[in-house]
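Thanks, everyone. I have one chain to walk through today.

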Amino acid sequence: MYIYVSCNCIATLRAFDSHSPLILTVPKCLFKPKMRIPRRPVTFYISHITPKFLFVPVFSFHFGAFWSRTSDHFLHKRSRIVSGGDNQFHSSYTMDGTMVTDKTSQFRHTVCKDGAQDACIWSSPEGGHTIEIGKQIFCNRSLNMKNIVAVGFDMDYTLAQYKPETFESLAYVGTIKKLVHDLGYPSELLEWSFDWKYMVRGLVLDKKRGNILKMDRHKYVKVAYHGFREMSKEDKVGTYGHTLTRDAFDEPDYALIDTLFSLAEAYLFAQLVDFKDNNPGKIREGTDYPSMYKDVRAAVDLCHRDGTLKQMVARDPKRYINEDTAIVPMLKMLKASGRATFLVTNSLWDYTNVVMNFLCGTRAPDGSSPCNVDWLQYFNVVITGSAKPSFFHEDNRANLFEVDVESGMLRNTDNGNPMPQVGSISPRLPLKGMDTSCKVFQGGSVGHLHKLLSIASSSQVLYVGDHIYGDILRSKKVLGWRTMLVVPELEKEVQLLCELRNTRKQLQLLRNESDQIEDKIHHLKWSLKFDGDNVGEIEKQRLSSKINDLESQREQVRLQHQQAQRECHQKFHKVWGQLMKTGYQNSRFAHQVERFACLYTGQVSNLSLYSPDKYYRPSEDFMPHEFDILALFQ
């Protein structure tokens, strides 16, 4: 037996017996990327079992690995195990005292054939292999799925991922028309266009000043625009840095862009700010920035109330919603594991049925989806018109109505139980042939939901949503539900992080170099200041010249670092940079994700790639003083 390991090569282990060769190809990291590789040896225990003998080699070795101070995860490639005949592998891996058994390591997913997104779920024959990093579920707080008895979902931008190039453009055009025709704005607005890639989540609108801000987790403004004009560092510091009290950046003076639904209105607000600044007198007198934002919100609400958006989506769901063929297998797997599934959405029944029928309904041979309610078989309870986030308050006294799925009419209930109709001595019975395994309601509160699902403890519920405030914060903070946030932007972001890992390492080296030069400058200056009387004139000139050279060198390094950082920033987004970072700090959005989401991932169907009994464990937290001591990033 032999083993060869290097930083850039895979390791190959061979064991031979009289029957057949055993080949195991081990990539640079066989572990999930959330784990850190310690500097001391990693011990593998691999047993090769055949019907005729037991052979258990034990060996240990060091992994060579690339680490970046600015990255929290080890970047790895997919692993493959090749075996011959009927041989089977049972493996366990010990890392820094933590045992990762085959029970947890088997929950990996392989890429489906031809790269297509088909139903390759964990329980399928093709499941159980490495999950590519863009599809993984990341963990902030330990969550043992064995303790979860009910899994719930939001619909819009969670189960239903809208196409921003069509859906958000539709919302933008509808809002413009309302502003012009209903709220008296100039007709020039009808000629405007929408760049759906410009705005990102996590921004903050300063309604009083007409500014769009991106800040770090400490609420320091790092990127700021007035309309579409970038604010200078002096303007930024003068507006948000020189105050006696720290601004909370909350309502009513600020608006938080923490949902994908808000991107179109944020873009329109920036356009109106520029239009007002460059065209005085064209917007009616007395309309200031806060008034314009209020009008934009009113126009958006009008679009939703009159059904303009939903009618267009209902006519052609495929144009506005991404298909995800893994949703149905995921729901089936969760139900087969003995868990209840539920849907809580603010959309009313008619629109919910259209969208869910498109996502989960049966398909005709021509690819169309005839409208029916077959999708209800995948849920135990569906609550529409929930009015989140108020739905999550247990003192909410909203009435719960049962929805007649055929007519859409509402019927009174007694906390979810059927009530006899007037003139009848018994509750109305469902029509013959109707599936009664799922009940559909409108309104109500979380108390009704707990009763309908027989939930004994809030911690037994996992809720999956896309809205930090409406879905995640309230359900986590008020109820103690376990939460998973869907961040569609994440898949692209982690792939870029992999591609730019060398750039990010170079940035850190430049930063360290700048610090070292600055320390030298300070040391020389202090030497001249306090020991100047004991230093001759020639020595003073020499030290002054050296200081000048170092300052010139520092400026070169600073410009080099600034340029490299800007290029890295623009790789993620030309204006706002990385979603989860602002400079070297976590962004405000990332901070909220870390605080309120137990899990987060790129799309809801990634749940299907893991065992329904998976124990999600977070990576170890590190403080700045630990990095160099543990030498994890050298």
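Buried residues make up 48% of the 634 residues in this chain. Buried here means under 20% relative accessible area, exposed means over 50%, and partly exposed is in between, with a 1.4 Å probe and protein chains only. A word on ground rules. This is a predicted model, so local features need pLDDT of at least 70 and side-chain atom pairs count only at pLDDT 80 or more, while totals for chains, interfaces and linings use all residues. Residues are numbered from 1 along each chain as its sequence is written, and side-chain values use heavy atoms, with hydrogens and water left out.

Now the overall build. The chain has 16 helices and 28 strands. These are DSSP runs, numbered from the N terminus: helices are H or I with at least four residues, strands are E with at least two. Take contacts with a separation of 6 or more: 71% of them join residues 24 or more positions apart. A contact means heavy atoms within 4.5 Å. The accessible surface is about 31,900 Å², and carbon and sulfur atoms hold 50% of that. Those areas come from Shrake-Rupley with a 1.4 Å probe; for residues, only the protein chains shown count as cover.

How many residues are in the largest nonpolar core? It has 91. Those with the most contacts inside it are F153, L159, M199, L359, W375, F379 and W576. Helix α4, residues 263-278, gives the most to this core, with 10 residues. By nonpolar core I mean buried Ala, Val, Leu, Ile, Met, Phe, Trp, Tyr and Cys residues joined through side-chain atoms within 4.5 Å. Look at L159. Leaving out residues up to four places away in sequence, L159 touches F153, D154, I327, M330, L343, M356, L359, F379 and V604. Apart from that core lies another, of 18 residues, including V344, V381, V446 and I455.

On to charges. There are 19 salt bridges. The criterion is a side-chain nitrogen of Lys or Arg within 4 Å of a carboxyl oxygen of Asp or Glu.

First on my list, D154 with K388: the closest N and O atoms are 2.8 Å apart. D154 sits in the loop between β11 and α2, K388 in the loop between β18 and β19, 234 residues apart. Are these two buried or exposed? Both D154 and K388 are buried. Recall that D154 is also one of the residues L159 touches.

Next, K282 with E188, again 2.8 Å between the closest N and O atoms. K282 is in the loop between α4 and α5, and E188 in the loop between α2 and β12, so this pair ties together parts 94 residues apart in sequence. K282 is partly exposed, at 43% relative accessible area. E188 is partly exposed too, at 26%.

Then E251 and K207, 2.9 Å from N to O. E251 is in the loop between α3 and β16, K207 in the loop between β12 and β13, 44 residues apart. K207 is buried, at 11%. Salt bridges with shared partners also join E265, R297 and D301 into one network.

A quick check on α2. Its 18 residues should span 26 Å at 1.5 Å a residue, and the end C-alpha atoms are 25 Å apart, which agrees. The expected span is 1.5 Å times one less than the number of residues. Of those 18 residues, 13 are buried, so α2 is largely enclosed by the rest of the structure.

Last, cysteines. The whole structure has zero disulfides, counting pairs of cysteine sulfur atoms within 2.5 Å. C360 is buried, at 4% relative accessibility. C498 is buried as well, at 18%.
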